[in-house]
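Open the model in your viewer and show the whole chain. Then follow the stops below.

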Amino acid sequence: MRKMLSARHRNLLKTGTASAALAAGLLAAPLAQAQEPPITLAQAEAPSQGTAPSSSGRPQSEVSSFVGSLIPGFQFDAGVNLSETYATNAAGISGNNHDDWITIAGINLGMHDHSRRVSFDANYMGQVFYYARDTQATQFTNDLQAMATVVAIPDYLNFVGRAFAQPVVISNSGFVTSNGIVSPNGYRNGYGYSVGPDITFRLGDFATSDTLATYGGAYFTNPAGVSGTSLIPGISGPQDIVSRNLTETLQSGTDFTRLQWTAVAMFSETDRSQGLFSQKSAVGTFQFAITREISLLGTGGYEAISNTTPLTRDITGPVGMGGVAVTFGDDFSFQVQVGQKYNSMSYQGSLRWNIGPTSVLTGSATDTVSTPEGQLLNNLSSMTASLNGTLTTAGNIYSNGSTSSLAAFSAQSLGSLSFNQNIARYQQVNIGYAQDFERDHANITLYGQRLTQLNGFFLGSPVTTSWGGQASLSHDISRLTTATLGAGYAYYQELGGHSKNFNVSGQIDYSLGPQTRVYFRTDYLHRDSSQALQSLSPFTGSLDDLRLTVGLTHQL
């Protein structure tokens, strides 16, 4: 049983999964459409994660033993929500904006199926937005996250996959609201998947081999009421892509003590309408322990990157980096490396500090080359499930296996820059803190992104940036009442100008019964755009949006 638990833990938190058949079936559902949260509290209005399954009180013999899951073999739950919102800027546009009353009705569904060989978790939220004064066409939105693992040969062969469907914001410098969806011209219905086998075997005590092959794609459709042409110069919106990846990882075994090593060979192709983008690399990392807690790191190898249309910069070349790793038991791990990659200075690193059973500090620094649509699939690969079936990222799972109550998964990153269909270098830094104590809950995120355009058409400088932060704080005033506050700031430098977004929000929840609650919510957004952005388009200027909401949710 110990070996089985270890294997499952590795598969969930390291690869996070969804079988091909189950993911394909889910993708047949209506496509989703949701806006990237504009630095506000974590969707307290109508949780997109669905209802997390509760721990089972059944005898152990009747509970799934799939990696010690706390979920019964099969569980299905459903809920409904209804709300009325007054919005001062219903479309999320600058200039001639209009107020409106928005009636929102929706349904939340959750399904979890766990056995000795299969683990499946899925959450779905569908909503309809009706505008009383017809400032926008009636909008239908869907939000889906799904994961599954099929253990074909225990400890050797798993079939893994992930799937998502959600609205994808085209540009945070364009249409934006304080909460909820924007004008149909400001987003696209997006969905994607990634499926494939994961093969693991041991080469005695010398090394462990892991082969991961994935096939996936990201696809987009227009919502009702969208214009036929782009309304903002330099922003063409997302496009369909198909991705094929093969990664082979060899990691040192127990024959090695002070010197640990990892060798990774990777092949990746992305099919787009503009042509084929491919990446090939072979990289080795060595870790030498100076003491039990401190190790020296060294990475070397070669990476080749090509595109049907030549890139504006030569980024094919050797990889050479060095750094340090600091580890204190199972609760603290820190790694950082600096050196050369893509023929220029590069950095990468990671941090995880389990401060307590329900508090964690995490961080990451990454340097990759991708497309905007490829970034969605990269984020999808980070989706994982906790032991009780909640879908989130590994950074929001505490050391005791529970998850942050204020966190939600999104395939679109905070601070994402505009979709222009170009290949670019993405340098990103993220720091997050989460805690859940008895009556107090918090989730804080700081982020920064530097994007260097490598081909195609773009406005302004080829180097664009975004940075900011968001915080959500919640307090259980009593057994029946909960108060939540949120605040955030975002800075976007792109399209030849810059904008500053400030957002605050607050919500009071009151339980009318075990399955029913009522809430009152306020959201406010202010965007200050530079003169260059105000001159670029009527939709990239400064704006304000205030929303007042009263709503009711009921768990069926």
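Buried means under 20% relative accessible area, exposed over 50%, and partly exposed in between (1.4 Å probe, protein chains only). By that cut-off, 51% of the chain's 556 residues are buried. This is a predicted model: local features need pLDDT of at least 70, side-chain atom pairs count only at pLDDT 80 or more, and totals for chains, interfaces and linings use all residues. Residues are numbered from 1 along each chain as its sequence is written, and side-chain values use heavy atoms, without hydrogens and water.

**Whole chain.** Colour by secondary structure. You get four helices and 24 strands (DSSP runs: H or I of at least four residues, E of at least two, numbered from the N terminus).

**First pair.** Select F332 and W353. Rings of Phe, Tyr and Trp (its six-membered ring) pair if their centres lie within 6.5 Å; planes under 30 degrees apart are stacked, over 60 edge-to-face, the rest tilted. F332 and W353 are edge-to-face, with 6.2 Å between centres and 75 degrees between planes. F332 sits in strand β13 (residues 332-341) and W353 in strand β14 (residues 344-356), so the pair ties together parts 21 residues apart in sequence. W353 is partly exposed, at 38% relative accessible area.

**Next pair.** Select W467 and Y491. Their ring centres are 5.7 Å apart and their planes at 25 degrees, so this pair is stacked. Which of the two is buried, and which partly exposed? W467 is partly exposed at 43%; Y491 is buried at 17%.

**Last stop.** Select Y191, Y193 and Y219. Ring pairs link them into a cluster.
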